[in-house]
Structures are given as C-alpha cells and as structure tokens.
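My notes follow the display.

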Amino acid sequence: MRSTKTSARELALLAVCTAVLFGAKEAMALLPNIEPVTLLLLLYTLFFGRKTFWIAAVFVLLEGLLYGFGTWWPMYVYIWPLWCVVVMLLRRLQPTPLLWACAAGLYGLAFGALCLPMHMILMGAAGGFGWWVAGIPMDLLHGGGNFVMTLVLFQPLYRVMERCLKRN
C-alpha cells in the first residue's frame with residue numbers, strides 16, 4: 001500500500017483504521033495517560049506510510065468534535081503527525097520490537113515537552129514551563145504505558161495486520 005493513489009478499497013481501509021484508533025482510545029479513556037494511539041499510529045505508519053497522515057488528521061478532528069476544540073487541540077494537530085514522521089525516519093533503521101517500545105516510551109515521556117511551545121504561547125514562558133513541570137508525573141505514566149503496551153502488543157498486532165492486508 002505504498003502507491004500515491006488511494007483506491008476506494010484503501011480509503012475504506014484507512015477509515016476502518018481511523019475508527020479502530022478512535023474507538024480504542026475512547027475505550028481506554030478512563031486510564032490516566034495510558035492510550036493506544038501511539039502504538040496504533042506506529043503500526044499504521046509501518047503499513048501505510050504517508051497515508052497514515054490522513055488517519056491522524058481525522059482522528060484529531062474527531063477528538064476536537066467529541067471534546068471541543070480547546071487549547072489542547074492545536075497540540076494534537078502537530079504532535080500525532082510528528083509521531084508518524086518519527087516512525088518513518090526510524091523505520092529505515094529496521095528497529096526490533098524492543099526498540100519500537102523504547103521509541104514509543106520516549107515519545108510518551110516527551111509529550112509534555114512537545115506541548116510546551118503552544119503552552120508558552122498561551123501562558124507565557126513561565127506559565128508554559130510551570131505547566132510542563134507540573135505534568136511530568138503524567139508524562140511518566142504516558143511513557144511507561146506506551147513502552148509496556150508496545151512491548152506486549154507490537155508483534156501480535158503487526159502479525160494480525162500483515163495477515164489481514166495479505167488477504168485483501
């Protein structure tokens with residue numbers, strides 16, 4: 001699925017992947033900063049390449065429609081596509097599942113820092129920095145959750161996607 005044109009079948013597949021991403025995230029919404037978005041976008045980027053940007057864009061739009069387009073929303077606009085770019089760059093190194101888990105964990109740890117520029121715009125340098133420092137415990141949860149989830153689920157989900165995409 002590396003071609004530049006998108007067929008109706010591919011569009012439907014991307015829509016299903018978006019629905020899975022959104023539904024899985026909402027299913028885990030009660031857990032603090034434990035989310036499947038990082039893992040699923042990792043897998044989608046490995047299989048769909050640049051087309052994953054469409055999945056990320058629709059996901060971010062759906063999040064805004066569900067929760068309102070608050071001050072958090074512009075951060076999602078760049079943070080999730082940035083993760084896809086990171087995956088595309090790391091893919092060239094052919095990482096092992098353990099290295100993917102480390103990358104996902106580091107991305108979760110860095111989440112608050114990635115939000116920092118927008119918070120500095122909204123609250124000034126001191127306010128943005130204070131917000132980031134106060135959120136470090138949540139970043140630790142996010143990073144740990146990403147690491148464990150990716151370590152445990154990357155290989156089985158990769159095999160499932162591989163089988164599903166070969167059938168069609």
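**Entry 1: α1 and α2.** I looked up the axes of α1 and α2 and found that they come within 10 Å and cross at roughly 165°. Axes here are lines fitted to C-alpha atoms, for helices over the stretch in contact, with angles from 0 to 180 degrees between N-to-C directions. The angle makes α1 roughly antiparallel to α2, a word used for angles over 145 degrees. The crossing of α1 and α2 is right-handed, meaning that the near helix is turned clockwise from the far one by less than a right angle. I then listed the contact (heavy atoms within 4.5 Å). α1 brings L13, L14, C17, V20, L21, A24 and K25, and α2 brings V37, L40, L41, Y44 and F48. By class, I noted eleven nonpolar, no polar and one charged. Nonpolar covers Ala, Val, Leu, Ile, Met, Phe, Trp, Tyr, Cys and Pro; charged covers Asp, Glu, Lys and Arg; the others, Gly among them, are polar.

**Entry 2: ground rules.** The model is predicted: local features need pLDDT of at least 70, side-chain atom pairs count only at pLDDT 80 or more, and totals for chains, interfaces and linings use all residues. Residues are numbered from 1 along each chain as its sequence is written, and side-chain values use heavy atoms, with hydrogens and water left out. Helices are DSSP runs (H or I, at least four residues), numbered from the N terminus.

**Entry 3: α2 and α4.** I found these axes 9 Å apart, at an angle of about 50°. V37, T38, L41, L42, T45 and L46 of α2 meet W80, W83, C84, V87, M88 and R91 of α4.

**Entry 4: the largest pocket.** I read off a volume of about 590 Å³. A pocket is an open set of points on a 1 Å grid where a 1.4 Å probe fits, with protein on both sides within 12 Å along at least five of seven lines; lining residues have an atom within 4 Å of a point. The volume is the space filled by probe spheres set on the points, which are joined across faces, edges and corners. Of 28 lining residues, K25, N33, Y76, F111 and H142 are closest to the centre. α5 gives the most, six residues.

**Entry 5: the second largest pocket.** Its volume is about 230 Å³. The lining has 13 nonpolar, one polar and no charged residues. α6 supplies the largest share, five residues.

How values were computed
Helices (H or I, at least four residues) and strands (E, at least two) are DSSP runs, numbered from the N terminus. Angles under 35 degrees count as roughly parallel, over 145 as roughly antiparallel, 65 to 115 as roughly perpendicular and the rest as oblique.
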